[in-house]
Number of protein chains: 2
Amino acid sequence: MMLIRAFVPAHITAFFVPVIEEDPLKSGSLGAGINLDKGTNVFLSVEEGHEGNIHVTFNGEPVKREEAVITYWVAERLLPQDFIGEIEIWQYFDFPNGHGFANSAGGALGTALTLAYRFGRTLLQAARTAHEAEVRHGGGLGDVVAQLHGGIEMRVKAGGPGVAVVDNILVEGYRVLAIPLGRMGTKEVLEGDVIEAIRRAGEEALEKLLREPTAENMMRLAREFAEGTGLLEGELLEVAREIDRVLSLPSSMVMLGKSLFALVRENEVKNVKALMMDLNLPYELCGIYWGRPVVGRWIGGE
Amino acid sequence: MMLIRAFVPAHITAFFVPVIEEDPLKSGSLGAGINLDKGTNVFLSVEEGHEGNIHVTFNGEPVKREEAVITYWVAERLLPQDFIGEIEIWQYFDFPNGHGFANSAGGALGTALTLAYRFGRTLLQAARTAHEAEVRHGGGLGDVVAQLHGGIEMRVKAGGPGVAVVDNILVEGYRVLAIPLGRMGTKEVLEGDVIEAIRRAGEEALEKLLREPTAENMMRLAREFAEGTGLLEGELLEVAREIDRVLSLPSSMVMLGKSLFALVRENEVKNVKALMMDLNLPYELCGIYWGRPVVGRWIGGE
C-alpha cells in the first residue's frame, strides 16, 4: 500500500489585519509572519473497497469528526465523487494545537496536498480547498496563503490562494525561537472588541514595514502591535522582557496564541538556551523555511 | 568584500499564449512549462567609492551595455539613487543563450535578487523589475513568473509578479532531458504570422490540460502544440521522433528555441543516454526544481 506524505511549515503571525468577505476566497488577512522548518506532517493511505470511511488521527490518536471538522471538510471536497474506499489521514504536529503555530492550516493544507497528489488535482485546487475550510470553520485567515509562500512573508493583498499577493523580506542569518505557552481561541479574539484595535494597529504596522522591509523592523513593529493592542500583557509580557535582555532584536507574541517568538543570531544561541533553562520554559529553536510545502510518495526512513 | 549569489532555475516553456498589454505588469503569458535544477547563477559585488560603474560578464566574459540591455535596466532601477560605487554582476549560464532556456529571465531575476538583497528591497520589488525588463526588451513574457513559482507549472492568469496566477501539477518520478540544438529569435516569432496560430493552439492546450492536469497530458499537448503551429518541423522533428522511440511519453520542442525536451522515467535513463551518444547530440539530464529562486551571501566552495 502506498503512503503519501506532505510537509507544511508551522507559521507564526507577527501582526495582521483580518479581511472578511462573503466569498471565502476573497477573505484572508494582511500582515507579516515567519514560516518555520518544523510544522505539520500529514500521511495519507487510500484503500479502495466496498465501504467508504474517513479516519483521522492527530499525533497518532484517533479523533472524532467534531474534533477534525476542517480535515473532514477538505477530504470530502477533494475525494472524487465516485470513490469508495478507506481513507486514513495521519497528522503529526511539531507544536501543540491552539498555541498559534498554524497547526489547523497545516493539517488542512497537508491533507489537501496528499489527496490532490493521489487523485490528480493541482496545487491551487488543494490550496483553495484548505483555505476555504479554514475560513469557513474559523481555523485561520492567512496561514494557508503564508505557508504556500514560505520565508519571512508579508501579505500585501488579502485573499485565498490565487487572489492574495505575498511578498518576502530577503534576509539570512537568523534562527527563530518559538515558545508555546498556552492556548488562545482565534474565534473569540476575532469576534471580540479588540478587533478594531487590531485592524488599526495591523494596517499601520504593514505600512511602516513596507517602507523599510527588514527583519529588524518587522520585529519592532510586531512588538508595538502586540503591546499596542493589549494582547501581549501580564506574565507573557514579563517573559518577553526577559528574552529581550539576551537578544539584539525585540521578541514578540505569536498571533494568536499564548506564545512568544524572537529572531536569534547565531552568536546569541548559547545565551538564549541558557535563559530558557533558567526560566524552565518549553521552546523550539527553528530555521526559517524558505521553500514551498512538499508532497510525494513516502518511502520512509527520513 | 562580500559576494552575493542568486540561483534562478532554467525554465522550459511547453506551450503558451502571449498576452501583451500596455502595462508591462499586466503583460505576460498563459501556458505550461518546467523549471530545471540547472539554470543561471548570478554573483554581485558592490564596492562603494567615488566612481559609479556597472560591469557585466556572461560566463566570465565582459559584455557591453548593448549586449546586456536587460541586466543594465534592472541594475539601474534597483540601485539606490544616491549610491556611488563599482557594481560587478557575474552571470553564469548552464545552457547556451538564445536556445529557449530562459537565460535572459534568469539573468534579470538573478541580478534583481542580488541587488534587492544587498539594498534592502523585497522579493516582489526584485521580481517586478526583472519581469518589466524582460517585457520591455523582448526577453520573454512568462519566464520570470514561472521561475518564481518552480516545478511543473501552469500559468492560468497572465501578468507579472503579483498579478499572474501560477499553478503546479503535482508529480514525481521524472527527470528532464534537455537538448539545446540552436538559437531562435523570440521577437521574430512573436511579431510574425505564426502568432495567431500560437494563440489559438495555446488556449486550446491550456484548456485541455486544466481538465486533466497530469505531466503525461502536458507532454501530449506540448507536442500537439509544437507540430500544430508548425514550429516543430524538419530535422528537429526527426530528432524528436528518434527520442520518442526510447521513451513512454512524447518529447517536444522548447518554446522558443531550436531545442527539444522530454520527461524521462528512472528506468528509461540508460536508453536515453545511449541514444544521445548514438545521435551525437549535446544534452542535459536535469531534475525538476520545485523550490523558489534562492539568494544569499556567497561563502564559496559549494
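**View 1. Strands β8 and β10 of chain A pair antiparallel.** In this predicted model, 8 bridges join β8 (residues 174-182) to β10 (residues 258-265) of chain A. Two strands count as paired if DSSP finds at least two bridges between them. Helices (H or I, at least four residues) and strands (E, at least two) are DSSP runs, numbered from the N terminus. A:Ile179 stands opposite A:Leu260 of β10(A). Helix α8 (residues 234-244) of chain A packs on the sheet and touches β8, β9 and β10 of chain A. Contact here means heavy atoms within 4.5 Å. The direction of α8 makes about 10 degrees with that of β10(A). Axes are lines fitted to C-alpha atoms, for helices over the stretch in contact; angles run from 0 to 180 degrees between N-to-C directions.

Residues are numbered from 1 along each chain as its sequence is written, and chains are lettered from A and ligands numbered from 1 in the order written. Local features need pLDDT of at least 70, side-chain atom pairs count only at pLDDT 80 or more, and totals for chains, interfaces and linings use all residues, while side-chain values use heavy atoms, without hydrogens and water.

**View 2. The open sheet of chain A has 4 strands.** Their order is β9-β10-β8-β11, with antiparallel pairing. The edges are β9 (252-253) and β11 (284-286) of chain A. Each edge strand pairs on one side only.

**View 3. B:Arg223 is buried in chain B.** This arginine lies in helix α7 (residues 215-228) of chain B. Buried means under 20% relative accessible area, exposed over 50%, and partly exposed in between (1.4 Å probe, protein chains only). The side chains of B:Arg223 and B:Asp244 make a polar contact of 2.8 Å. A polar contact is a pair of N or O atoms within 3.5 Å; within protein, one must be able to donate a hydrogen and the other to accept it, and residues adjacent in sequence count only if both atoms are side-chain atoms. Leaving out residues up to four places away in sequence, B:Arg223 touches several residues, among them B:Leu232, B:Leu237, B:Ala240 and B:Pro250.

**View 4. Chain B meets chain A.** 26 residues of chain B contact 27 residues of chain A. The area buried between them is about 2,100 Å², 59% of it from carbon and sulfur atoms. Buried area is the accessible area (1.4 Å probe) that two parts lose on being put together, summed over both. B:Leu170, B:Glu172 and B:Arg292 supply 31% of the area that chain B buries against chain A, more than any other three residues. Between the chains, 14 residue pairs are in polar contact (both at pLDDT 80 or more). A salt bridge is a side-chain nitrogen of Lys or Arg within 4 Å of a carboxyl oxygen of Asp or Glu.

**View 5. A:Arg77, A:Glu132 and A:Arg136 form a salt-bridge network.** A:Arg136 and A:Glu132 meet at 2.8 Å, N to O. They are 4 residues apart in helix α3 (residues 123-136) of chain A, so about one helical turn separates them. A:Arg136 is partly exposed at 47% relative accessibility, whereas A:Glu132 is buried at 13%.

**View 6. Arg155 and Glu153 pair in chain A and in chain B.** A:Arg155 forms a salt bridge with A:Glu153, the closest N and O atoms being 2.9 Å apart. Both A:Arg155 and A:Glu153 are buried. B:Arg155 and B:Glu153 meet in a salt bridge of 2.9 Å, N to O. B:Arg155 and B:Glu153 are buried too.
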